[in-house]
Amino acid sequence: MEVEEDRFKQLLKDRGLKVTRQRLAVLEAIDSCPKEHLTAEEVFELVKVDCPEIGLATVYRTIQLLNELHLIDRVNFDDGFVRYEMGSALESGLRHRHHHLICIKCGKVISFQDDLLEGLEGKIAETTGFRVVNHEVKLYGFCMECGGDLIEEKRE
């Protein structure tokens, strides 16, 4: 984890922020769950293991700051919770976020990496002069456990 900690320290310094134990702990907690989309309360539970003195209010303030700096991204799956994942500033250059597949039965969220909208973005740029630099896609349906595979069989 030393490499990640050094990377996080540099990211904070590059943005003119003091490197604090709490900021590092929040970044490390979110980074430690790459396939998860954590609520602030879940981040707090992870962070307080190594920083028992940290308060929930500090975690909320830290999350807000890190989100504003794009070190973490805020995601909403329409389930009443705001969730967080590692952000777009961690990659060099502009990038599209990954997409999310959301099961409407069990609420499971699956990240989907392929960018299938490049053609549409090109057409938008060509016809309107508008350059898309990012987008967010949420697709709703049924995961394999909730019958997603049965729906495909019915179509055949």
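Reader: Which side chain does R21 meet in a salt bridge?

Author: The general idea is that side chains of opposite charge can pair when their charged atoms come close. In this predicted model, R21 meets the side chain of E53, with 3.2 Å from N to O. R21 lies in helix α2 (residues 21–31), while E53 lies in the loop between α3 (40–50) and α4 (56–68). The two are 32 residues apart, and the pair links distant parts of the chain.

Reader: How many salt bridges does the structure hold?

Author: The structure holds five. One of them joins K108 and E145, whose closest N and O atoms are 3.3 Å apart. This pair also links distant parts of the chain: K108 sits in the loop between β3 and β4, E145 in the loop between β5 and α6, and 37 residues separate them. K108 counts as partly exposed at 35% relative accessibility, whereas E145 counts as exposed at 62%.

Reader: What is the N to O distance between R83 and D79?

Author: Their side chains meet in a salt bridge at 2.7 Å. R83 counts as buried, since its relative accessibility is 15% and buried means under 20%. D79 is partly exposed, at 36%.

Reader: In what order do the three strands of the open sheet lie?

Author: As a general idea, strands of a sheet pair through backbone hydrogen bonds, either parallel or antiparallel. Here the order is β4-β3-β5, and the pairing is mixed. The edge strands are β4 (109–112) and β5, each of which pairs on one side only. With direction ignored, neighbouring strands of this sheet are turned by 25 degrees against each other on average.

Reader: How many bridges join β3 to β4?

Author: Four bridges join them, and the two strands run antiparallel; β3 covers residues 99–103.

Reader: Which residues form the nonpolar patch on the surface?

Author: The patch is formed by I104, Y140 and F142, which together have about 310 Å² of accessible area. To belong to a patch, a residue needs over 30% relative accessible area. F142 passes that cut-off because its relative accessible area is 39%, which makes F142 partly exposed.

Notes:
Residues are numbered from 1 along each chain as its sequence is written. This is a predicted model: local features need pLDDT of at least 70, side-chain atom pairs count only at pLDDT 80 or more; totals for chains, interfaces and linings use all residues. Side-chain values use heavy atoms; hydrogens and water are left out. Patches are made of residues with over 30% relative accessible area and no salt bridge: like charges are joined within 9 Å, nonpolar side chains (Val, Leu, Ile, Met, Phe, Trp, Tyr) within 5 Å. Accessible areas come from the Shrake-Rupley method with a 1.4 Å probe; for residues, only the protein chains shown count as cover. A salt bridge is a side-chain nitrogen of Lys or Arg within 4 Å of a carboxyl oxygen of Asp or Glu. Buried means under 20% relative accessible area, exposed over 50%, partly exposed in between (1.4 Å probe, protein chains only). Two strands pair if DSSP finds at least two bridges between them. Axes are lines fitted to C-alpha atoms, for helices over the stretch in contact, and angles run from 0 to 180 degrees between N-to-C directions.
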